[in-house]
Amino acid sequence: MSDTLHSEMVKSDPAMAEQMRSGDGFIAALDQSGGSTPKALKLYGIEEDAYEGEAEMFSLMHQMRARIIKSPAFNGEKVIAAILFERTMDGEIDGVPTAEYLWNTCKVVPLLKVDKGLAEAEDGVKLMKPMPELDALCEKGVAKGIFGTKMRSVVDAANPAGIAKVVEQQFAVGKQILSHGLIPIIEPEVTISIPDKAEAETLLRDAILAQLDALPEGTEVMLKLTLPEVDNQYKALVDHPAVMRVVALSGGYERAEANDRLSRQTGMIASFSRALTEGLSAQQSDAEFDATLANSISGIYAASVAG
């Protein structure tokens, strides 16, 4: 396994890898899937009665994402990467495949959400559903110029057995992704409202460290973690040689609080979704939309580089 992982790893685009590893800025999460799309569209000012069926819904979502990506402030100076839903990757912007447009026009590294949603809760966690088509999806992503992937599990309690299962599954799937020459983003989200959040985060950190220590030398992954209760809870992960980048999810915090929490974490950068698009509306003129997005990007960027 070690030789395989290492030989596949070096396939990664070196310019993209360097931007992911050390670029100033944050990751835009533009990867709402079927279940969360109606909510995202509603926040954008498009009610459910404005479209019929999945095709129309996803078409409107693609228009929203394309509007964000084409906005002048959305570029590699502050946005180092963007996570795409598979349908967005399969789509085009101005006749150019989305991933290609992102890198060649915006200098933003394209990443791909690969999970198929969450399984039923057990042991205080929600594991990822099986991904029988993962190898085919990774191959398609490589062909389209994708650099890395993202997959989400959820931790709802400081349950050692459950957290161990979440981390074990994330790294097992991560190794499968690495074998395709893609860099996985390991994302075990801790729910922000749970009473034992700090305890869950300590258990999670220690379980991730054990998995990182066991990776073959030269292997790199990324981590996407909920903003912690204890500042710099994840500093040991940031500093680990097997970690390309540690990014933070907003997890339901309003953007102001998310930025404030993030600014206190050394070496962590944002990977916000709802907090990025907060305040954007389909009804805004292009000038209003671009100004709102530029303001959001500037705030999230400042919080990302503050630590």
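This is a predicted model: local features need pLDDT of at least 70, side-chain atom pairs count only at pLDDT 80 or more; totals for chains, interfaces and linings use all residues.
Among the 80 residues of the largest nonpolar core, the members that touch the most others are Phe74, Ile208, Leu212, Leu223 and Leu237; a nonpolar core here is a set of buried Ala, Val, Leu, Ile, Met, Phe, Trp, Tyr and Cys residues joined through side-chain atoms within 4.5 Å, and buried means under 20% relative accessible area, with exposed over 50% and partly exposed in between (1.4 Å probe, protein chains only). Leu237 is in contact, that is, has heavy atoms within 4.5 Å, with Arg205, Ile208, Leu209, Leu212, Leu223, Leu225, Val243 and Val246, not counting residues up to four places away in sequence.

Residues are numbered from 1 along each chain as its sequence is written, and side-chain values use heavy atoms, with hydrogens and water left out.

The largest pocket has a volume of about 740 Å³. A pocket is found on a 1 Å grid over the protein atoms alone, as an open set of points where a 1.4 Å probe fits, with protein on both sides within 12 Å along at least five of seven lines, and its lining residues have an atom within 4 Å of a point; grid points are joined across faces, edges and corners, and the volume is the space filled by probe spheres set on the points. Of the 27 lining residues, Gln32, Ser36, Arg152, Ser273 and Arg274 are the closest to the centre of the largest pocket. The lining divides into seven nonpolar, 10 polar and 10 charged residues, where Ala, Val, Leu, Ile, Met, Phe, Trp, Tyr, Cys and Pro count as nonpolar, Asp, Glu, Lys and Arg as charged, and the others, Gly among them, as polar. At least two lining residues come from each of α3 (37-43), β7, β8 (183-190), β11 (268-272) and α12 (274-277), and α3 gives the most, with three; helices (H or I, at least four residues) and strands (E, at least two) are DSSP runs, numbered from the N terminus.

Strand β7 spans residues 148-155 and contains Ser153. Ser153 is buried, with a relative accessible area of 0%, and its contacts beyond four places in sequence are Leu118, Lys126, Met128, Val166, Gln169, Gln170, Glu187, Pro188 and Glu189.

Helix α4 (residues 53-70) holds Leu60, which touches Leu41, Ile46 and Tyr51, residues up to four places away in sequence being left out. In helix α6 (residues 98-106), the buried residues are Thr98, Ala99, Tyr101, Leu102, Trp103 and Cys106. Cys106 has a relative accessible area of 7%, and Cys138 is also buried, at 1%. With a disulfide taken as a pair of cysteine sulfur atoms within 2.5 Å, the count comes to zero.

Backbone angles complete the picture. Most residues other than glycine have a negative phi. Lys107, which follows α6, has a positive phi near 60°. Asp123, in the loop between β5 (109-113) and β6 (125-126), has a positive phi of about 55° and is partly exposed at 30% relative accessible area. Asn232, in the loop between β9 (221-226) and α10 (235-238), has a positive phi near 60° and is partly exposed at 29%.
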